Amino acid sequence: MSFATQEDVFAVAEEVLSATFSEFSDKQVSPAPFRRITYKEAMLTYGSDKPDLRNPLVIKELSDLFVDSDFKPFCNKTVRGIRVPGMAKRSKTFFKSMEDFAVQEVGMKGLGYFKVEPGENGMFKYNGPIDKFLNDDQRKELATRCELQEGDVLYFIADTKKNAPKFAGQIRTEVAKRMNLIDESRFELCFIVDFPMYELDEETGKIIFTHNPFSMPGGGAATLDKAIRGELDPLTITAQQYDLVCNGIELSSGAVRNHDPEIMIKAFQLVRLGEDDVKKKFPAMYNAFCYGAPPHAGIAPGIDRMVMLLAGED
């Protein structure tokens, strides 16, 4: 779409997808406008950039409560918590099975939790080995932040900054399946926006593009100039890239194109490629944009995945 913004693309996608899913299914379909969820929020709250919004469980950030903690597995780690209502009554076998899943299937070192039971003086009692490492302030904050109720279970996921979010996401999904919490009668659609433009290469530690290098960076040239001058961390730059997600499945991907050769050169400069490198590696793209291509954006629906969901297949 020429001269289109991200929201212009979303409006068309919402109209088409809402009509398609409503026409070929009896399930409840998310009304337009679909939720817009930033990548950062999705990874924190759902542990995935393809969240299944039928799953009512959410992930809470708890890292600040365990800075310099006496509990070594949590000390200065990224710690996330998942409250599971009514789970405390489950059997020992159920909890052991979840621990086995976390260690054997996910690759975690363990899966901590406690059960929320009635206590004294208006406070809950936390039944689990983690409780002995908590002080009263931490107990109160956990109850408030995680909205704990009697009969709940609070799972803890602690690992590196990179691993903890995805581990928490896998636990969230598995617990919901085993507790039969996912509403199969709905199609929940959302857009994931503001993906990171850059990331660090795991092997070299150098900055590289995260996804599509030809997407328009958020803030345009001004943001890139700040990063080039060292006034801004390149890892904080977002891209005008987006995914359309339904029930945990990525249906479509798209972006606002970086149609300006000058901005394109600046974007590549942050990954150590100059103008001559861009001309050599991407001559067709560079030359085309030098003729004055209009601003444009789009999205590519995955028809096969839509059919899969409508047919009720995995």
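Which five strands form an open sheet with antiparallel pairing, and in what order? Hold that thought while the ground rules go by.

This is a predicted model, where local features need pLDDT of at least 70, side-chain atom pairs count only at pLDDT 80 or more, and totals for chains, interfaces and linings use all residues. Residues are numbered from 1 along each chain as its sequence is written, and side-chain values use heavy atoms, with hydrogens and water left out.

**Stop 1: the whole chain**

Show everything as a cartoon. The chain has ten helices and 14 strands. Both are DSSP runs numbered from the N terminus: helices are H or I with at least four residues, strands are E with at least two. Along the principal axes, the C-alpha atoms fill a box of roughly 75 × 50 × 35 Å. Of the 314 residues, 45% are buried. Buried means under 20% relative accessible area, exposed means over 50%, and partly exposed lies in between (1.4 Å probe, protein chains only). Of the contacts with a separation of 6 or more, 69% are between residues 24 or more positions apart. A contact means heavy atoms within 4.5 Å.

**Stop 2: the antiparallel sheet**

Back to the opening question. The order is β3-β4-β7-β5-β6, an open sheet. Strands pair if DSSP finds at least two bridges between them. Select β3 (59-61) and β6 (124-127) at the edges: each has a single partner strand, so one side of each is left without a neighbour in the sheet. On average, neighbouring strands here are turned by 30° against each other, direction ignored. Axes are lines fitted to C-alpha atoms, for helices over the stretch in contact, and angles run from 0 to 180 degrees between N-to-C directions.

Now select β5 (112-118). Four bridges tie β5 to β6, and the two run antiparallel. Look for K115 opposite N127, and for E117 with its bridge partner K125. β5 and β6 make a hairpin with five residues between them. In that turn, N121 has a positive phi of about 55°. Four bridges also join β5 to β7, again antiparallel. There, Y113 has Y155 as its bridge partner.

**Stop 3**

Select α5 (163-178). Helix α5 packs on this sheet and touches β3, β4 (78-84) and β7 (153-159). The direction of α5 makes about 150° with that of β7.

Pick I171, which sits in α5. Is I171 buried or exposed? I171 is buried, with a relative accessible area of 0%. Beyond its neighbours within four places in sequence, I171 is in contact with I82, M98, F101, A102, M108, L111 and I157.

**Stop 4: the mixed sheet**

Move to the other five-strand open sheet, ordered β2-β9-β12-β13-β14 with mixed pairing. The edge strands are β2 (35-38) and β14 (297-301), each pairing on one side only. Neighbouring strands in this sheet are turned by 25° against each other on average, direction ignored.

Select β9 (189-196) and β12 (238-246). Seven bridges join them, and they run antiparallel. P196 stands opposite T238 in β12. α1 (6-23) lies across β2, β9, β12, β13 (249-256) and β14, running at about 150° to β9. α10 (303-310) packs on the sheet, touching β12, β13 and β14.

**Stop 5: helix α6**

Select residues 220-228. Buried in α6 are G220, T223, L224 and A227. Seen down the axis, the buried residues fall within an arc of 95°, so they line one face of the helix. That arc is taken from the directions between the helix axis and the C-beta atoms. Their cover includes β10 (198-200) and α7 (261-269). After α6 comes G230, with a positive phi near 85°.

**Stop 6: the largest pocket**

Finish with a surface. The largest pocket holds about 1200 Å³ of space. Of its 30 lining residues, the closest to the centre are Y39, M43, K161, K162 and P196. α2 (39-45), α5, β9 and β10 each give two or more residues to the lining. The largest share, five residues, comes from α2.

A pocket here is an open set of points on a 1 Å grid over the protein atoms alone, where a 1.4 Å probe fits, with protein on both sides within 12 Å along at least five of seven lines; lining residues have an atom within 4 Å of a point. Points are joined across faces, edges and corners, and the volume is the space filled by probe spheres set on them.
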